[in-house]
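Hi everyone, thanks for coming. Please take a look at the structure on the screen, and then I'll walk you through it.

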Amino acid sequence: MINANPVLNMSIFGVFVLLTLYMVYRVSSSGTATDYFAAGGRFTGAQNGIALSGDFLSAASFLGIAGAIAVHGYDGFLYSIGFLVGWLVNLLLVAELLRNTGRFTMGDVLSFRMRQRPVRAAAAVSTLVISFVYMIAQMAGAGSLVALLLDVHSSGGQALVIGGVGLVMIVYVLVGGMKGTTWVQIIKAAMLMLCAAMMTVFLMGKFGFSLTSLLQHAAEQNPLGDRIFSPGAKYGQSEVTKLDFVSLSLALVLGVAGLPHVLMRFYTVPNALQARRSVVWATCTMALFYLCTLVIGYGAGAVNGTEAILAAPGGENSAAPLLAYRVGGTVLLGVVAAVAFATILAVVAGLTLTASASFAHDVYANIMKRGKADPDSEVRVARMTALVIGAASILGGILVNGQNIAFLVALAFAFAASANLSTLLFSLFWRRFNTRGTLWGIYGGLISCLVLVIFSPVLSGSPDSIMPGVDFAWFPLSNPGIVSIPISFLCGYIGTLLGGGQVSEKRTAEMEVRALTGIGSS
């Protein structure tokens, strides 16, 4: 256990919040909807790539993965591999075509050659559900962090701090829009990389800069022993867990290209070239970070021991903060606290902006107002939506407080891959794809994923479930990706075949030319 200094931790975090709030205020723009939703498309590929990494490297990456590696070893590192490899799908298949075809949201792309109102409604529903699942994972991270770093152990106290984090996040979105949020994410990414590098160097120094020595100590401090260096410690215990691993891998690799807050960032750059550069910068940045998490994770197990990590408030999520305290004392712990809080704030701000933009642009402007809404009212609706979404995420975070964050984020990836990936790929690459196929693909993937999660060990039937006291689970896997992702592709295919001649050849040709050349995308 650590003797946290709540005053120091909150002081460092408070300085970060004040500085970023000032920056958000300075760069904020009260101009057009393009300024609020896409920062006017004026960021460079390098800037947007670093912001993408800041948007993507969530509390799951910093706290959840480090804890999973410390406790489960190699199987915990699989989260890092999945998160990183998924960016190749974005680079090769999605980024450039999406940037050329859309304007603000994923709904712009899916509805380009379809019937606008039903497709935009489906895209908005998908975006809101995925964003909410992702956001409650971040809020759960806030609760775990607070318990450890601020010495707040009561559920009521943690709920108050989760609410405080949510309120600051809402202010970022209301005041700064995409431009302000992007700069917060750039600052946060730089802080996170510096913190991870600093902890890695300090940790290696503690073991004489010998990776072999570090790994040997990690094995000695873990009940699994040398098994932490090979697959199967967590996902190889039975045929069900092996299948669960395959399902998790599919969700992690394929989910990145369906995450709405990642897709929306491609509209903040001026052209497709910068969109591709964004992905390259983001991938390189995250590769370095995940290499650091490998050292931090095993190092946390070596220094603290698995039992101490699991016994600490927050469980697995406490591995990195515990390590920071043992390596660098209260000062490094304070820095880690600030970076972890900043991580949660920046990611949730990006998610809130994406969800509110989808509702305002897809539902309000293009469904309710039939494309005739003025930009000011669109931005106003987005800000009101941000308040509602923020409140809902705070309540959800309080409900799932204590769960492993990386695991919860993996569920969000499963939802993204199930609901969005099939329809995006079909829209961009299959000329025959039509409105019915789009609706069946989105709703089929979303509903199947939701049903399987509800009736899985995630919600009930296990000591680690959100509701451990009841048991209505009949689906054995914790991650439904292996079933729900193929269902989405199959529903999209069958819906297209049954949809008949719903495709506009003119709009299809226009979308193809625009996607491949960028003509008309500005």
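I'll start with the whole chain and then turn to one residue.

First, some ground rules: this is a predicted model, where local features need pLDDT of at least 70, side-chain atom pairs count only at pLDDT 80 or more, and totals for chains, interfaces and linings use all residues. Residues are numbered from 1 along each chain as its sequence is written, and side-chain values use heavy atoms, with hydrogens and water left out.

What is the chain built from? It has 19 helices and zero strands; helices (H or I, at least four residues) and strands (E, at least two) are DSSP runs, numbered from the N terminus. The chain is as compact as a globular protein of its length, because its radius of gyration, 22 Å, is close to the 24 Å that the globule rule gives for 522 residues. That radius is taken over C-alpha atoms, and the rule is 2.2 Å times the number of residues to the power 0.38. Along its principal axes, the C-alpha trace spans about 65 × 55 × 40 Å.

Of the 522 residues, 60% are buried, meaning under 20% relative accessible area, with exposed over 50% and partly exposed in between (1.4 Å probe, protein chains only).

Now, where does Ser-111 lie? You'll find Ser-111 in the loop between helix H6 (106-110) and helix H7 (116-149). Is Ser-111 buried or exposed? Its relative accessibility is 0%, so Ser-111 counts as buried. Leaving aside residues up to four places away in sequence, Ser-111 touches Gln-116, Val-119 and Arg-120, where contact means heavy atoms within 4.5 Å.
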